[in-house]
Amino acid sequence: MHIPDGYLGPATCGFFYLVMLPIWTIASRIVKKTLKTRQVPMLAIGAAFSFVIMMFNLPIPGGSTGHAVGGVLVAILLGPWAACIAITVALVIQALLFGDGGITAIGANCFNMAFVLPFAGYYVYRAVSYKAPAGSNRRVVAAGVAGYIGINVAAVLAGVEFGLQPLLHHTSIGQALYCPYGLKVAVFTMAGEHLLIFGWVEVIVTALVVKYLLKQSPELIEEREAG
Amino acid sequence: MFKNNNFIERSILGALSFLKDSIFADEYALKSGFLQSLDPRVKSITFLFLIIQVLLAKSLFILAVLYVFCLLIVRLSNIRLGFFLKRTWIFMPLFSLFIAIPALFSFFTPGQALVTLHTGLLEIIITRQGLFVATLFISRVITSVSFIILLSLTTRHFELLRVLRIFKVPQIFVMTLGMCYRYIFLFVQVIENTYLGIKSRIGRGIHYKKGRDIVSWNIALLWQRSLKLNEEVYNAMLSRGYNGEPVLINKFKTTYKDWVWVCFFSGISFWALYTIYGRSHF
C-alpha cells in the first residue's frame, strides 16, 4: 500500500501534505499532553514495532506471502493519536532510508496508513468490544474486524487516489502523466487484493496478537482502554 | 498441503538483508566522495528539489537527463554503479514495471497501434500512447527512487534524520525518529534470535496455520519485551540529563564544496524548469 514517488501528481501530493499538516500538529499536541514523560520511548517503540510488523511475512495458501501494516494494532495498544505519530515515523524511515514509499507521497501515505487506518480501526474496535468483559473473545473478534475494516478503507482510499490521476494530470491528448489507470481499475485492484488477501493477513495478526496479550498481559490492553 | 513454506527462513532472510543493507549504507556514507563531503542540510534540500523536478517533468527527455545526472553523481561519490543499479531497480521500480505493463495495451490505453500480436481469437495491440504512458511512469519512479537511495547511501542515517529539524518538523517527531531507528536494529536482532530458537526446536516442516500462530505470538511477545525496555530506556535517558525536552546537537558546517554543488544543482534545475514550463514563462 506504500505509494512511491511518481504515482501521484504534484497537486495530489501537495493536497495530502496540506491535509496532514494540521493532523500532525494536533497529534503532536495531544500526545505531548496525554503521554507521560515516562512513556516517551513508547512512541519510538510503537514506530519501530509498526516498522517491524511490516517485515513479518505471513504464508498465504498457494505459496505466496503477504504482510500486515499493524496500524490498528498500534492504535489499540497506544491510542489513535499516538499511533498516528508512530506510523508516520515508520513511514518516514521507510521512505527516507530505504526508498519504500515516496518522499513526495508521504502526505498521502500518512493520510491512508497513519490517519485513516488507525482511526477507522480503533473506533470499530471500540464499538464492537463495547462493554465486553476482560478476557472476552468479543475483544479478539473486535480486533480482527477492526484490522480488516481499517486496512480495506485505507486500500480503497489509495485506489481512489491512484484512479484520480488520469483525470487530474494528463497531456493535451489525454495521455496519463502519473498512475495510468482510472478509478474503476485502480479501486477494483486495490480493494480486491486487500479484501481477499492482505485484509485477512491483517485480521490474523491483529486478532491473534490481541488474543495473546489478553491471555498473557491483559493489563496492557485494559489500562489503555481505561485511560 | 503447505508444509514446506519455509516462511521462517524467508523472514530471517528478510531481516538479515535489511541489516546488511543498512550496514552497507553506512559504509558508503563513510567513504570519501563528492556527495559524502557535502553538508547534509544542503544535500537534503537540493535532493528534495531534484525529486520535485522529477515529479513535475512531463517529458521522457527531461527524466532521462535527470537520471543520467543522478548516475554521474553516483560515480563521483565512489559508489559502484552495479551495486547502485541493483539496489535501485530491485524493489519498487521492478514492481512498478509489473504494474505498468497492462498500460501498454489498447484496452487500457487506446491509440495508434504500434505492435499487433495475434494469439488465436484474440488480437493484442500495443499502442504508441500506451508505450509513452508506461515508459514515462517507469522513468519517473526509477529516477525518484534513485535520488532517494543516493541521498540515503551518501548520508549517515542519524544525520539525515537530524536534518529534519531544519524543516521545522516538531521535536517529538525528530526524537521519535532517532530512537525508533535504534529500536529497529534491536528488534531485528530479537526476531532473528527468536526464529533461530524456534527453528532449532521444530525443524523445517511446519504447517502454515501453526506458522501463523508462531508469527502472531512473536509479535505479541515483542510488544511485551518493548514495554520492559521502555522502563530501562527511560531510566537511561534520565541518567543522561533528560528533563522532558530533548536537546539536539547541531554539528553541520558548510564548505566551498557545498557552494560548488549548489551551482551545479542550480544549473541543472534551471535547465529542467526552463524545459518543463517553456520559454514563455521566463
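Analyst: Begin with who touches whom. In this predicted model, 79 residues of chain B are in contact with 72 residues of chain A.

User: How much area is buried between chain B and chain A?

Analyst: The buried area is about 6800 Å². Carbon and sulfur atoms give 78% of that area.

User: How many salt bridges are counted between chain B and chain A, and how many residue pairs are in polar contact?

Analyst: The count of salt bridges is 0. For polar contact, 4 residue pairs are counted, with both residues at pLDDT 80 or more.

User: Which elements of chain B give residues to the side that touches chain A?

Analyst: Those giving two or more residues include helix 1 (7-30), helix 2 (40-56), helix 6 (128-154) and helix 8 (171-202) of chain B. Helix 9 of chain B gives the most, with 20 residues.

User: How do the residues on that side of chain B divide?

Analyst: They divide into 55 nonpolar, 16 polar and 8 charged residues.

User: What is the average pLDDT of chain A?

Analyst: The average for chain A is 84, and 90% of the residues score at least 70. Next, look at the elements.

User: Where in chain A is the pLDDT below 50?

Analyst: It is below 50 over residues 60-65 of chain A. This stretch has 17 contacts in the model beyond near neighbours in sequence. Where pLDDT is low, the predicted coordinates should not be read in detail.

Methods:
Residues numbered from 1 in each chain as written. Chains lettered and ligands numbered in written order. Predicted model: local features only at pLDDT ≥ 70, side-chain atom pairs only at ≥ 80, totals over all residues. Heavy atoms only, no water. Contact = heavy atoms within 4.5 Å. Buried area = accessible area lost by both parts, 1.4 Å probe. Salt bridge = Lys/Arg side-chain N within 4 Å of Asp/Glu carboxyl O. Polar contact = N/O pair within 3.5 Å; in protein donor to acceptor, adjacent residues only side chain to side chain. Helix = DSSP H or I, 4+ residues; strand = E, 2+ residues; numbered from the N terminus. Nonpolar A, V, L, I, M, F, W, Y, C, P; charged D, E, K, R; others polar. pLDDT = per-residue confidence, 0-100.
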